[in-house]
Amino acid sequence: MLLPTPRGPLSERLVTALAHPPRSHVHLCRTAEHDATDDALTLWILHELHYRGFDDVDERWEWAPALSSMRQRLEQELESRLRADFETHLDQHGLTEVVHDEQAGSDGLVDLLHDLIESDDSPSLAQHLLREGTPERASEFLRQRSVYHLKEADPTAWVVPRLAGPAKAALMEIQFDEYGAGHRDRVHQDLFARGLAATGLSADYGHYLDEARLPILEQNNALSLFGLHRRLRGAALGHLAVFEATSSLPSRTLARALRRLDLPEELAAYYDEHVEADAVHEQLALRDVCETLVREESHLRADVVFGAWACLELEARTARDLLQRWDAA
Amino acid sequence: MSAGVSPAIVAAGDAEPRLHECPGGPVLVRGAARVQGDDGSWHDTHRPVSAVCRCGASALRPWCDGTHKVLTQRGINPVD
């Protein structure tokens, strides 16, 4: 992909700098009234240097020291905001003590995660598309989702070398399936690309980034943040568990919604695959990955729940944002 | 299949397939090539781990599709 279009002064400065060979200093300061979308896009670009990069950027920028302090600052701000909202949520639901009880280890962890999922009453984009979906809304939904689905499972791959033993083996069972379980035509991100192409949308990686909305950028940034920091491995895996555990039923709804709109079978097939695959991944991620991890590293208990909550919260923000936009239309 | 009854399985290799029952959910099967459904038909699997329905309500039987969670929400024990 090529560098995206800047959305404010900070991303403008970064994009301008990245168009040249790496330098020892880049002027990446912000004005007092910085913009959330500009910040989120800047962080997304900084993270993307570690994934597939940009065709118009020198690959040596990936580890350039000149970029690390701004990346660190944007990551810290995102994490602090999420952690503050998480603690408020725990407080409001009387969960602070039980979640932060390190002595409890993995006891009751799976139930905590199930309760979190069941108490989530945020609106569902899948249900909306089934009941009131139009081809235009489905298209926008797919374009927004493409930012993640075309790199599906990649942010979690960063976590693998940070684990050992049974949790690592279980995570690899999930990842192997995500990458096609040895079948070159079954890689999930490629199944989505095939669905996009059949629908007449671009299947090029990052193609729709210029229209990615703030909650989509933050959803992706949080995943990269959790994946890229060993310290946050608990959050990355908590996020994974809830992502998988909230996928089968909505995927079935989405497959129905897309067929109702006469969208190509290749697209519905992507969601069919996730009904079946994620019913497996959910069980593995909750018990064999998260529970095992916290049994071995009890201090990660609260972080697993933090990642799980972040997954639900960031999806809720995405859903509310798109529904508000569509309702106003 | 119903709770407590093991599915008929054809192993993918020489080793015996390994089964693990998830509380309130499916049975996870590792090392299977084919699994038999309620109606006697055989279904191929290419996954390293497959989830076989135990609640009988999945639309994808013999595979789990997560419907047991809807039963749980309605106060029904899905694998009773």
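This is a predicted model: local features need pLDDT of at least 70, side-chain atom pairs count only at pLDDT 80 or more; totals for chains, interfaces and linings use all residues.
**Confidence**

The predictor assigns the complex an ipTM of 0.88 and a pTM of 0.95. For chain B, the average pLDDT is 88, and 94% of the residues score at least 70. Among the elements of that chain, strand 5 (residues 42-44) of chain B has the highest mean pLDDT, at 95, while strand 1 (residues 9-11) of chain B has the lowest, at 89.

**Nonpolar cores**

In soluble globular proteins, nonpolar side chains tend to be buried together. Here, the largest nonpolar core has 110 residues. Those with the most contacts inside this core are Leu18(A), Ile45(A), Leu67(A), Leu237(A) and Tyr271(A). Its largest share, 14 residues, comes from helix 15 (residues 301-328) of chain A. A second, separate core has 6 residues, including Val27(B), Val29(B), Val35(B) and Val52(B).

Setting aside residues up to four places away in sequence, Leu67(A) touches Leu14(A), Leu18(A), Val26(A), Leu28(A), Leu46(A), Leu49(A) and Trp61(A). One of these partners, Leu18(A), is also among the residues with the most contacts inside the largest core.

**Pockets and cavities**

Leu67(A) turns up again in the second largest pocket, where Leu67(A), Ser68(A), Arg71(A), Gln72(A) and Glu75(A) are the lining residues nearest the centre. That pocket holds about 280 Å³ of space and is lined by 17 residues. By class, its lining has 7 nonpolar, 5 polar and 5 charged residues. Helix 3 (residues 65-92) of chain A supplies the largest share of the lining, 8 residues.

How many cavities of 30 Å³ or more does the structure hold? There are 3 of them. About 50 Å³ of space lies in the largest cavity. Its lining is made up of residues of chain B: Gly25(B), Pro26(B), Cys53(B), Arg54(B), Cys55(B), Ser58(B), Cys64(B), Asp65(B), Gly66(B), Thr67(B), His68(B) and Val79(B). These divide into 5 nonpolar, 5 polar and 2 charged residues.

**Individual residues**

| Residue | Relative accessible area | Class |
|---|---|---|
| Ala255(A) | 3% | buried |
| Ala181(A) | 11% | buried |
| His89(A) | 17% | buried |
| Gly56(B) | 33% | partly exposed |
| Asp262(A) | 68% | exposed |

Ala255(A) sits in helix 13 (residues 248-260) of chain A. Ala255(A) counts as buried because its relative accessibility of 3% falls under the 20% cut-off. Apart from neighbours within four places in sequence, Ala255(A) is in contact with Ala268(A), Tyr271(A) and Asp272(A). Ala255(A) and Ala268(A) are 13 residues apart along the chain, yet their C-alpha atoms are separated by 4.6 Å. Tyr271(A), another of these contacts, is one of the residues with the most contacts inside the largest core.

His89(A) belongs to helix 3 of chain A, the helix that gives the second largest pocket the largest share of its lining. Leaving out residues up to four places away in sequence, His89(A) touches Leu116(A) and Trp309(A).

In chain B, Gly56(B) lies in the loop between strand 6 and helix 1. Gly56(B) and Ala8(B) are 48 residues apart in sequence, and their C-alpha atoms are 15 Å apart in space.

**Backbone geometry**

Most residues other than glycine have a negative phi, and most peptide bonds are trans. Which peptide bond here is cis? The bond from Arg61(B) to Pro62(B) is cis, with omega near 15 degrees. Pro62(B) is in the loop between strand 6 (49-52) and helix 1 (68-73) of chain B, the loop where Gly56(B) is also found.

Two residues of chain A have a positive phi without being glycine. Ala181(A) has a phi of about 45 degrees and lies in the loop between helix 9 (165-178) and helix 10 (188-199) of chain A. Asp262(A) has a phi near 60 degrees and is found in the loop between helix 13 and helix 14 (265-296) of chain A. Is each of them buried or exposed? Ala181(A) is buried, whereas Asp262(A) is exposed.

Technical notes. Residues are numbered from 1 along each chain as its sequence is written. Chains are lettered from A and ligands numbered from 1 in the order in which they are written. Side-chain values use heavy atoms; hydrogens and water are left out. pLDDT is the predictor's confidence in each residue, from 0 to 100. Helices (H or I, at least four residues) and strands (E, at least two) are DSSP runs, numbered from the N terminus. On a 1 Å grid over the protein atoms alone, a cavity is a set of points where a 1.4 Å probe fits but cannot get out, and a pocket is an open set with protein on both sides within 12 Å along at least five of seven lines; lining residues have an atom within 4 Å of a point. Grid points are joined across faces, edges and corners, and a volume is the space filled by probe spheres set on the points. Ala, Val, Leu, Ile, Met, Phe, Trp, Tyr, Cys and Pro count as nonpolar, Asp, Glu, Lys and Arg as charged, and the others, Gly among them, as polar. A nonpolar core is a set of buried Ala, Val, Leu, Ile, Met, Phe, Trp, Tyr and Cys residues joined through side-chain atoms within 4.5 Å. Buried means under 20% relative accessible area, exposed over 50%, partly exposed in between (1.4 Å probe, protein chains only). Contact means heavy atoms within 4.5 Å.
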